[in-house]
Every structure is written in C-alpha cells, then in structure tokens.
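Colleague: Could we take a close look at a single part of this model? I would like the local surroundings spelled out.

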Amino acid sequence: MAAPAGAGALIASPDRRRCLWSVLAAALGLLTYAVSALEVYTPKEIFVPNGTQGKLPCKFKSTNSTGTLTSVSWSFQPEGSDTTVSFFHYSQGQVYAGNYPPFKDRISWAGDLDKKDASINIENMQFIHNGTYICDVKNPPDIVAQPGHIRLYVVEKEILPAFPVWVVVGIVTAVVLGLTLLIAVILAVLYRRRNPKQDYTGCNTSENVSPVKQVSQKSPSDTEGLVKSLPSGSHQNWGFPGGSDDTEDL
C-alpha cells in the first residue's frame, strides 16, 4: 500500500534540514577561517658572513593571545633542492631540535611568543646553510596561516654588502648623473671662453663698416660749401689766362 503524499513530505523534511545545517556549517567555517587566519612576517632575504651567528627573524599577528597551544616550526630547503627538512620546533616553552646534521647543536630560541616573535639563532653559519628557511606558527584556534619564507645567503666577510642592493644601485646612478652634469657645465664654460665674440660678429661688422662708407661719399652740399669758402680772386683766375681782363670783357 503506497504511503500518503503528506507522509512522504514529512519523511523528506529531515533530509532538507540536514542539507540546510551543512550549508550553515560551511558558511560558519569560512567565516571562522577569515577571522582566525594568522599572518606571518619575515624578511625576503638576509646576508650572513660565514663563521658568525645568524638570526632568522619571524613575527606573527594573531587575533587570539598566545598560550600553551601556541607552537612554532622551522623548516629548511637547501639551495638547489626541492626537499624541505624540519629542523626546529618550539612549544610550551620547550625547544625540540631535530637531528639534521647541518643544524645539530647550532639552533637556539630567540623569540618571545607573548610579543608575537618566533625568531631563532643559528651559530657558526657555513656555506651549507645557504637556502630557504620557512617559519610556520600555530596559535589555536588561529591555525591557518601562510608560512614566512626567508632566502638566506652565507657570504665571505670581506664581500658582505653594507647596504641593500637597491641602495647601492641608487647611489651609483646618482654619482654618474652628477659627474655627467658637471662635465657638461665645464665644457660649456670652456667653449664660451674660446669663442667670446662669436655671437656678436655680425653686428660689429655692420656697425664698423657703415661709418666708413658715409665718410668716403661727399654730398653736393659739401662741394658747394667748399667752393664758396674760397677767395674771390682765386676763383676768378681758374683756367683763364690774363686773369681779370677776360673777366671784365665778359
């Protein structure tokens, strides 16, 4: 005998409720993830001279206070390798160092969980310690976090850079530009000293030549003035033999 339609609806309702609760739980989980995610901060790279102590800084941010459940783990990926090895763990105030040979008896805790600090020290750094270091922090319920990665370079003491690379590049660029500008100014000054009148040659020529031309040309008015200034006797005797007699006959 078939069950009534109303009974079928009652049987199906618990499944719908379970589905609804699943959706709510998933939404709550996403919300919890967004709120309780840790943030870990580490420098991208550091340089350490060989034979000295190197500090690996690691800070973290958490919405919850630290306690007995807070833990820190450090891992190492050697240079040129895809394998990651865990070599250090800190929890409840205790240090748990691994047996990985490159770090045996070299690691010490340098952090303070109350200050959100998970740093460590490595003694007597050698070239075998070149690689990437990973800092992972757990602070329940904040347990979801993106670990911090540090690229460490062990270098000779003599070639340890005193400044970051970008600072050195900026200084070199500024010096080159300054020298280029200084050379350009010096060349401009020398050029002006060797050619002081080059820009005024045309004007000086016209000004010097025009007075000469004006003096060399005599106007009719000047000639008439010269003739009038001569004595009358000398003017009458020009070109006429006999002088005054010819003039009187005319």
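Is T68 buried or exposed?

Modeller: T68 counts as exposed, because its relative accessibility is 55%. The cut-offs are these: exposed is over 50% relative accessible area, buried is under 20%, and partly exposed lies in between, using a 1.4 Å probe and protein chains only.

A word on the source. This is a predicted model, where local features need pLDDT of at least 70, side-chain atom pairs count only at pLDDT 80 or more, and totals for chains, interfaces and linings use all residues. Residues are numbered from 1 along each chain as its sequence is written, and side-chain values use heavy atoms, with hydrogens and water left out.

T68 sits in the loop between β4 and β5. Strands here are DSSP E runs of at least two residues, numbered from the N terminus. Setting aside neighbours within four places in sequence, T68 is in contact (heavy atoms within 4.5 Å) with S91 and Q92. T68 and N139 are 71 residues apart in sequence, yet their C-alpha atoms are 9.0 Å apart.

Now T66. That residue is also found in the loop between β4 (59-61) and β5 (71-78). T66 is buried, because its relative accessible area is 18%. The T66 side chain makes a polar contact with the D114 side chain at 3.5 Å. Such a contact is a pair of N or O atoms within 3.5 Å; within protein, one must be able to donate a hydrogen and the other to accept it, and residues adjacent in sequence count only if both atoms are side-chain atoms. The T66 side chain also reaches the backbone oxygen of L113 at 3.3 Å. Beyond four places in sequence, T66 is in contact with F60, L113, D114, K116 and N139.

How values were computed: Helices (H or I, at least four residues) and strands (E, at least two) are DSSP runs, numbered from the N terminus.
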